[in-house]
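Hello,

Here is the structure you are taking over. My notes on it follow below.

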Amino acid sequence: MQRWVEFPLFCRLGLKGEGQDVLEIGCGSGYGAVLLGRLRPGSYVGIDLMPEQIELARARPGLPGAEFLVMDAADMGRFPEASKDCIVMFGMLHHTRKWREVLRECHRVLRPGGTLFLEEPGGKAVRLWDKLFQWDHPAEASFGLAELEDQLRGGGFKIVKRLRLFPFGLYCAEKVPG
Ligand SMILES: C[S@@+](CC[C@H](N)C(=O)[O-])C[C@H]1O[C@@H](n2cnc3c(N)ncnc32)[C@H](O)[C@@H]1O
């Protein structure tokens, strides 16, 4: 999904990355780093809440210069304000009840004009999957795409490009300067 759908669609939405300071939130075992590395970023940092995932990411071969950190995206105090050009999230927000805080932190950490690329399923689909497959996403993160878009706009982002691929939404959102 990341390789064949999300990453190519992010590129279609304008993901460039070349020479940029890129942060991936919810990097898991580091496959996103492989894909984003193809864009030749100036720097790449991947963060994840789970130490086991970060260990796997660090052990992945062929990622010179990539840095992986255990960190809660709702509190990225370790990154200074306006220190990243681009933030990428491959379907991560609906895994955390603190999704609004994560978006606030993304806004703080991005440089003015910096871009956030995210892909999320709508809350109705997540609730259905939870029922069918006995998954257990947090109820507080069961947001609809309209609510996500409101949160982005209200949080100082301009949605530059959007793609709806039912039940998913993919976005390129820019931090509004000022
Ligand atoms: C859909 S998975 C992404 C998996 C990853 N793309 C991979 O290839 O392994 C979402 C990831 O977000 C992480 N995550 C969930 N809540 C988080 C948070 N508050 N801060 C940072 N990472 C978080 C999870 O641990 C999980 O690895």
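Two rings of Phe, Tyr or Trp (its six-membered ring) count as a pair if their centres lie within 6.5 Å. By this rule the model, which is a predicted one, has seven aromatic pairs.

One of them joins Tyr-44 and Phe-68 edge-to-face, at 5.8 Å centre to centre and with 65 degrees between the planes. Tyr-44 is in strand β2 and Phe-68 in strand β3 (residues 67–70), 24 residues apart, so this pair links distant parts of the chain. Both Tyr-44 and Phe-68 are buried.

Another pair is Trp-129 with Phe-168: the ring centres are 5.9 Å apart and the planes at 35 degrees, so the pair is tilted. Trp-129 belongs to helix α5 (residues 123–133) and Phe-168 to strand β7, so the pair ties together parts 39 residues apart in sequence. Phe-168 is buried, with a relative accessible area of 18%. Ring pairs also link Trp-129, Phe-133, Trp-135 and Phe-168 into a cluster.

Next, the nonpolar cores. The largest has 31 residues, and those with the most contacts inside it include Ile-25, Met-89, Leu-116 and Leu-148. Helix α4 gives the most to this core, with five residues. Among the residues that Leu-116 touches are Ile-87, Leu-103, Leu-152 and Tyr-171. A second, separate core of 23 residues includes Phe-7, Val-88, Phe-90 and Cys-172.

Last, the helix packing. Helix α4 (residues 99–109) packs against helix α6 (residues 145–154) at an angle of about 35 degrees, with the axes 10 Å apart. The crossing is right-handed. Trp-99, Arg-100 and Leu-103 of α4 meet Glu-147, Leu-148, Gln-151 and Leu-152 of α6. These contact residues divide into four nonpolar, one polar and two charged.

Regards

Key. Residues numbered from 1 in each chain as written. Predicted model: local features only at pLDDT ≥ 70, side-chain atom pairs only at ≥ 80, totals over all residues. Heavy atoms only, no water. Axes fitted to C-alpha atoms, helices over the stretch in contact; angles between N-to-C directions. Helix = DSSP H or I, 4+ residues; strand = E, 2+ residues; numbered from the N terminus. Left-handed = near helix turned anticlockwise from the far one by under 90°. Contact = heavy atoms within 4.5 Å. Nonpolar A, V, L, I, M, F, W, Y, C, P; charged D, E, K, R; others polar. Core = buried A, V, L, I, M, F, W, Y, C linked by side-chain atoms within 4.5 Å. Buried < 20%, exposed > 50% of the residue type's maximum accessible area, 1.4 Å probe, protein only. Phe/Tyr/Trp six-rings, centres within 6.5 Å; stacked < 30°, edge-to-face > 60°. Lists of a residue's contacts leave out its neighbours within four places in sequence.
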